[in-house]
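Please read the following note with the structure open beside you.

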Amino acid sequence: MRILGIETSCDDTGAAIYDTAAGLVLHRLASQVDLHRQYGGVVPELAARDHIRTLLPLIDSIVTDPANQDSKIDAVAWTAGPGLSGALLVGASVACGLSEAWAVPSIGVHHMEGHLLAPMLEAHPPQLPFVALLVSGGHSMLVDVERIGHYRVLGQSLDDAAGEAFDKTAKLLGLGYPGGPEIARAAVNGDPKRFDFPRPMVNRPGLDFSFSGLKTYTRTTALKHELDQQTVADIARAFEDAVVDTLCIKCIRALKQTGRKRIVIAGGVGANMRLRAKLKNEVEGTGAVVYYPRPEFCTDNGAMIAYAGSVRLNMLGGQIGNKQQGFEVRPRWSIEDIQ
Ligand code: KG4
Ligand code: ZN
């Protein structure tokens, strides 16, 4: 079975084809970063308009690619939420239109389930059960995954998501958008000993996160110094180290609490190299194994949606059609509420 996956929840237009027998056939992404950069963040209305402009040509380019040509698409999976409502509606309407035209099932996918399942696209996928650290621009959470579809949130951000904290911190340091990669780039030249930032909520029991205090601490530090290139690099490094340490501590705590031996890291912040290296070191020191998607599948993409769609279709025995699904999108949608 070949599933076309469509991702339009935020500022990336993604499309991919996943074959349940042969694996990922191809995937393509059209990033809107250049469009939003001048505003220092995502402008929802512009995001939706750009998806309208980009999505059909992107789908056309992969459906007619020699790697897929002559092969029928058997189902269309699309991101139904959470995300920006206008952006989601573009993907939903195109997906449901195609499913109607091709007379194939369409299935709305939960964006965070897509992220969570992205490591399954790799050569050595994790076995179930596992704990997942989902860290994106809109969400930060630790989830216990007993089996696919059974997600228990162990802890989550009480305020800013980890990616959001990276984005806001980059902005106040005068770095570009998106902030995560910009902070990481600046931090490479930073002195890790110059500033020591707090690790929020690590001394309290539980698995929730809070990054807004760290953001304020960063702002206060920035205001006290002249922001020359070295100081920006030093602050970026202190901030990155604080986020990475905090996430590591909570991951190890989640593994201990659940008794799981595997942890999956996914979502845009999962592309952070310092986080990947530190988690690998520290978590593997406890006897557990860390799994990541490749960095390009940490950030938003169509491949994870095509894969999650294939899993959902399999669970439902293919018994789903676009008529039941309609055009409903769910901008706010807890991962615990997936049907
Ligand atoms: O998962 P994602 O692509 O979109 C959402 O679903 O939100 O995550 C985007 C977030 C942004 O906040 C971005 O700054 C962050 O992921 N990000 C990173 C890195 N690459 C992307 N954060 C830290 N380090 C990175 N290398
Ligand atoms: Zn995402």
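**Notes on the backbone and the ligand site**

1. Proline 129 is placed in the loop between α4 and β6 (130-135), where helices (H or I, at least four residues) and strands (E, at least two) are DSSP runs numbered from the N terminus. The peptide bond that leads from leucine 128 to proline 129 is cis, with omega near 0 degrees.

2. This is a predicted model, in which local features need pLDDT of at least 70 and side-chain atom pairs count only at pLDDT 80 or more, while totals for chains, interfaces and linings use all residues. Residues are numbered from 1 along each chain as its sequence is written, chains are lettered from A and ligands numbered from 1 in the order in which they are written, and side-chain values use heavy atoms, with hydrogens and water left out.

3. A cis peptide bond also runs from glycine 81 to proline 82, with omega near -10 degrees, and proline 82 belongs to the loop between β4 (75-81) and α3 (85-102). In the loop between α3 and β5 (106-110) sits alanine 103, whose phi is near 55 degrees, a positive value in a residue other than glycine.

4. Which residues are the closest to ligand 1? They are Gly137, Asp167, Gly180, Gly268 and Asp300, out of 20 residues that surround ligand 1, a residue being near a molecule if one of its heavy atoms lies within 4 Å of it. By class, the shell has six nonpolar, 12 polar and two charged residues, where Ala, Val, Leu, Ile, Met, Phe, Trp, Tyr, Cys and Pro count as nonpolar, Asp, Glu, Lys and Arg as charged, and the others, Gly among them, as polar.

5. A polar side-chain atom of histidine 111 lies 3.1 Å from an oxygen atom of ligand 1, and a backbone N or O atom of glycine 180 is 2.9 Å from an oxygen atom of ligand 1.

6. Domain 1 (2-117 + 298-337) and domain 2 (127-292) both give residues to the shell, so ligand 1 lies between them; the domain bounds come from an automatic or database domain assignment.

Key
A polar contact is a pair of N or O atoms within 3.5 Å; within protein, one must be able to donate a hydrogen and the other to accept it, and residues adjacent in sequence count only if both atoms are side-chain atoms.
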